[in-house]
Amino acid sequence: MPVRKMSLVITFIWSILISFSCSKNGSDEDQGCTNSNSYNIDNGMACNNTPTGSVYNLIQNGGQMEVTFNYIPTHKVLGNITSNQRTFSFTANPQLSSEITQVANTSFRGSSGYIGWIFGIANTGVPFDPVANEPWTNTSTGASNYEWNLEVLSSNTDLIYDCNNAHDPSRYHYHGTPVQYIRTIEDGTRHSGLLGYAADGFPIYYKYGYSDPDNTASSVIALTSSYSIKKGCRPGDGVSAPDGSYDGSYVADYEYVSGAGDLDECNGRWSKTPEFPEGTYVYYITDEFPSVPRCFKGTPSEDYKITIP
């Protein structure tokens with residue numbers, strides 16, 4: 001067969017194969033997947049009680065910081081909560097690590113071991129603990145799949161939390177932005193105040209920061225996360241993992257998109273702050289996912305590890 005004729009035949013066959021592939025895979029819409037974002041920091045139940053006896057104390061002991069707290073906040077809650085005083089330590093000289101540590105242990109399988117980390121302790125005496133123990137359950141075997149863990153602040157879940165996105169009468173903790181409390185102390189006219197420290201020793205602030213992280217005289221802006229809902233359909237089969245559209249019901253419905261917002265994959269950046277005029281790595285609490293960061297840039301203290309015997 002002449003070279004030109006053979007080339008035309010090959011081109012024709014290739015176009016048929018491409019057409020078949022496109023028809024088989026289809027677009028997101030063809031597969032019936034319409035993506036949406038169900039993340040909502042204003043979906044908590046009304047708070048109706050102001051507890052007393054909050055404990056928060058931070059001292060330096062050599063190269064360590066010791067934080068004593070009792071899970072009792074300085075703001076309103078839903079119902080009654082009890083004190084459970086603890087003291088955790090973390091480094092007084094935090095350093096950025098060569099590896100990121102994830103807050104959630106997605107390889108946990110529901111028996112024993114560590115399920116994840118408390119992210120940090122707020123100066124209200126309450127831990128930031130964004131990860132829920134709510135994995136996908138295999139509909140055939142009953143096995144837990146922590147790669148698909150419910151996102152607490154999705155309006156599609158039926159998890160109960162209060163006006164500050166917190167719950168648990170014996171171990172009260174924040175799953176997201178402590179909304180009602182924050183609105184009493186922040187208005188966006190100045191850099192946010194220090195909220196506490198993460199398990200790796202770096203400071204935690206609410207979202208208001210300098211537009212130029214190296215210039216404390218620059219304007220104050222609301223810093224934004226760089227996470228967004230994935231496009232397309234979940235890869236699960238509806239038995240061992242969820243299927244359907246990505247809609248924010250699960251933590252894994254989100255992905256980090258570099259440059260989409262102001263912050264990195266751990267919801268932080270290097271910046272100067274009023275308390276750290278020379279600059280440090282800073283974590284921020286945002287009103288969009290992930291709200292409370294889901295990874296550490298430094299090395300977290302073992303005191304913050306959540307284990308199941």
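Analyst: Happy to! Let us begin with a sheet: 3 strands form an open sheet in the order β1-β2-β3, with antiparallel pairing. Strands here are DSSP runs of E with at least two residues, and helices are runs of H or I with at least four, numbered from the N terminus. This is a predicted model, where local features need pLDDT of at least 70, side-chain atom pairs count only at pLDDT 80 or more, and totals for chains, interfaces and linings use all residues. Residues are numbered from 1 along each chain as its sequence is written, and side-chain values use heavy atoms, leaving out hydrogens and water.

User: What makes β1 and β3 edge strands?

Analyst: β1 (56–61) and β3 (86–91) each have a single partner strand, so one side of each lacks a neighbour in the sheet.

User: How do you know that β2 pairs with β3?

Analyst: Two strands pair if DSSP finds at least two bridges between them. Strand β2 (residues 64–69) is joined to β3 by 6 bridges, so the pair meets that definition. Within it, Met65 stands opposite Phe90 in β3.

User: Why is the link of Cys33 and Cys233 called a disulfide?

Analyst: The term needs a pair of cysteine sulfur atoms within 2.5 Å. The sulfur atoms of Cys33 and Cys233 are 1.6 Å apart, so they qualify. Cys33 lies in the loop between α1 (3–25) and β1, and Cys233 in the loop between β16 (227–229) and β17 (254–256), so the pair ties together parts that are 200 residues apart in sequence.

User: Why is Cys33 called buried, and what is Cys233 called?

Analyst: Buried means under 20% relative accessible area, exposed over 50%, and partly exposed in between (1.4 Å probe, protein chains only). Cys33 has 5%, so it counts as buried, while Cys233, with 23%, is partly exposed.

User: What about Cys47 and Cys163?

Analyst: Their sulfur atoms are 2.0 Å apart, and they form a disulfide. With -105° about the S-S bond, this link is left-handed. Cys47 has 16% relative accessibility and counts as buried; Cys163 is buried too, with 15%.

User: Which residues touch the most other members of the largest nonpolar core?

Analyst: Of its 38 residues, these are Phe119, Phe128, Tyr283 and Tyr304. A nonpolar core is a set of buried Ala, Val, Leu, Ile, Met, Phe, Trp, Tyr and Cys residues joined through side-chain atoms within 4.5 Å.
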